[in-house]
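Please have the sequence and the model open side by side. The text below goes through a few places in turn.

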Amino acid sequence: MVGTIIQAVINGLLIGGIYALVSIGVTLIFGVVKIVNFAQGEFVMIGMYISFFLSTQLGIDPIVSLVVTMPVLFVVGVLVQHFLIRRVLGPNDMPQIFLTFALSLLLLNLSLMLFTANYRTVHTWYSDEAFHFAGLYVPYAKLIAFVVAMALSGCLWVFLRTTDLGKAMRAASQNRDVASLMGINPDRVFAVAFGLALALAGAAGSLLMPFQSAYPFVGQVFVLMAFIAVVLGTLGNVIGALVASLLMGIAESLGIQFVGADSGLLVVFVMFLLTLVFKPNGLGGGKAR
Amino acid sequence: MIELQNVSAAYDRVPAIHGVTIKLGEGEAVGLLGTNGAGKSTTLRAISGLVKLTAGRVTFMGQDLAALPPHKIAELGIAHVPEGRQVFPEMTVNENLEIGSYAPRAKADRESSLDLVYTIFPRLAERRKQLAGTMSGGEQQMLAVGRGMMLKPRLLMLDEPSLGLAPVMCDVTFEKIQEIHKMGTSILLVEQNVSRALTLVERAYVLEGGQVIMHGSSAELASDKRVQAAYLGL
């Protein structure tokens, strides 16, 4: 029994690392640019397809292909911010909601057209391998994904805390006008924030590829989890989103183990609703960031 | 150094200032005085680019500021310490100061600027690791002024630095501003506390209804019957 619980917690924690990459991106965009990016999941999907094609066409390991997906999606993020989002930023939220939602639909249908709805899988030498110790089972692919996800999250945190650009990003998220009085160009900071968020989504895609099939709708699962994590972890709070993602991964996994194979999300949503009832500002209960 | 010629500005077509003409020379301390809603803050916001001009021009050391966004204006060395302190609440005191020297012209001298600010405001040095949002109003005001100094400003614009401060803190704040001015920084001071402001500045403009209604040296204004009646309560 104890072993089963520990195993379920390990499984949840490992997938929670991927949720964290997606939700940190969503929360970064929300905190800095003040918009909700409904298309975040589609960028995970794009990251997966990039890794898939690099692997099948050029034989590059999906996890190694991270060095391609991250910069590519960073640039995509900068361009999306500069040419699309920047034009609809204003006192009214509706245009932004429609824009990112439309972007999501566009990317979904574009990928259906280009890649078809077929499931694409990459099989690596470590896809079926796992650690065994004390009766527990830790698949390599998920462990690598988790470790890299945590490392990237840590890098982002260090970037936000120690570099001038990172501090400028936090300053702009707290007070955009006053930040501009410090010589901070809000457009530039927003573009970098959007770029970083998409780079993390791309990384999530690459990390998923060894153990998850790519298909046009794959991002929807992750973006759903990300939105819940972002709310649970207090909107705009990077650490909060990380912790909430890991907790949700664990809750989902325990749900699958003890409630039923298709009830993982049920447990997550119950946890979500209870949190909203008792701690409407998120688990931390504090202000954003 | 800075010159406003017939500057008008509006928020959503509601005019806030109209035909304001102001001059400030190198090393001067000049006041913008008047009651709430007279257009003092809007004048500062027009200089720093936070509100767009609808007419007139602003020139700083010969350069026209009208087409520049706020961050470019800051890079020229105009520090605007906004009303109501507006520190970055979720960042530490030290981070707030560091970000004050984000502009390239100030970044190279960050360490010496930090030393200077911590010397002038020892209270900030004691609290350097504290989150700015958790400090008292007076401490946040010091931080806002210190953050403005981190830009190594040629012109330091202060909007109501005494607003909401206890009298003791108010005294301290004005002493510090005096100290900064004596080091050679030009200062444009917006104040509702007219008597207080006149002890600090050399000249002042009085605004009312978005227009300059009076202008003169501090001594002239302090002895003016209308100023005494309207602002000094004499």
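The model is predicted. Where chains A and B meet, the contact draws 17 residues from chain A and 19 residues from chain B. On the side of chain A that touches chain B, the elements giving two or more residues are α6 (164–174) and α7 (176–181) of chain A. Of these, α6(A) supplies the largest share, six residues. Sorted by class, this side of chain A holds six nonpolar, five polar and six charged residues.

Next, turn to chain B and find helix α7, residues 137–149. This helix has 13 residues and spans 18 Å from its first C-alpha to its last, close to the 18 Å expected at 1.5 Å a residue. Is α7(B) mostly covered or mostly open? It is mostly covered, with 11 of its 13 residues buried. The buried residues run from Glu139(B), Gln140(B) and Gln141(B) through Met142(B), Leu143(B), Ala144(B) and Val145(B) to Gly146(B), Arg147(B), Gly148(B) and Met149(B). Charged side chains are among them, since Glu139(B) and Arg147(B) are in the list and Glu and Arg count as charged. The cover over these buried residues includes the helices α3 (93–100), α5 (110–120), α6 (122–126) and α8 (167–182) of chain B, together with the strands β6 (78–81) and β7 (155–159) of chain B.

The loop between β6 and α3 of chain B contains Arg85(B). Arg85(B) has a positive phi of about 70 degrees, although it is not a glycine. Most residues other than glycine have a negative phi. Arg85(B) counts as buried because it has 26 C-beta neighbours inside 10 Å, and 20 or more are needed for that class.

Lys34(A) sits in the loop between α1 (2–33) and α2 (40–58) of chain A. Why does Lys34(A) count as partly exposed? It has 16 C-beta neighbours inside 10 Å, which falls between the limits of 12 or fewer for exposed and 20 or more for buried.

The last stop is Gln211(B), in strand β10 (residues 211–217) of chain B. Gln211(B) is partly exposed, because 16 other C-beta atoms lie within 10 Å. Leaving aside residues up to four places away in sequence, Gln211(B) touches His18(B), Gly19(B) and Val20(B). Leu114(B) is 97 residues from Gln211(B) in sequence, and their C-alpha atoms are 38 Å apart in space.

Terms used: Residues numbered from 1 in each chain as written. Chains lettered and ligands numbered in written order. Predicted model: local features only at pLDDT ≥ 70, side-chain atom pairs only at ≥ 80, totals over all residues. Contact = placed C-beta atoms within 7 Å. Helix = DSSP H or I, 4+ residues; strand = E, 2+ residues; numbered from the N terminus. Expected span 1.5 Å × (residues − 1).
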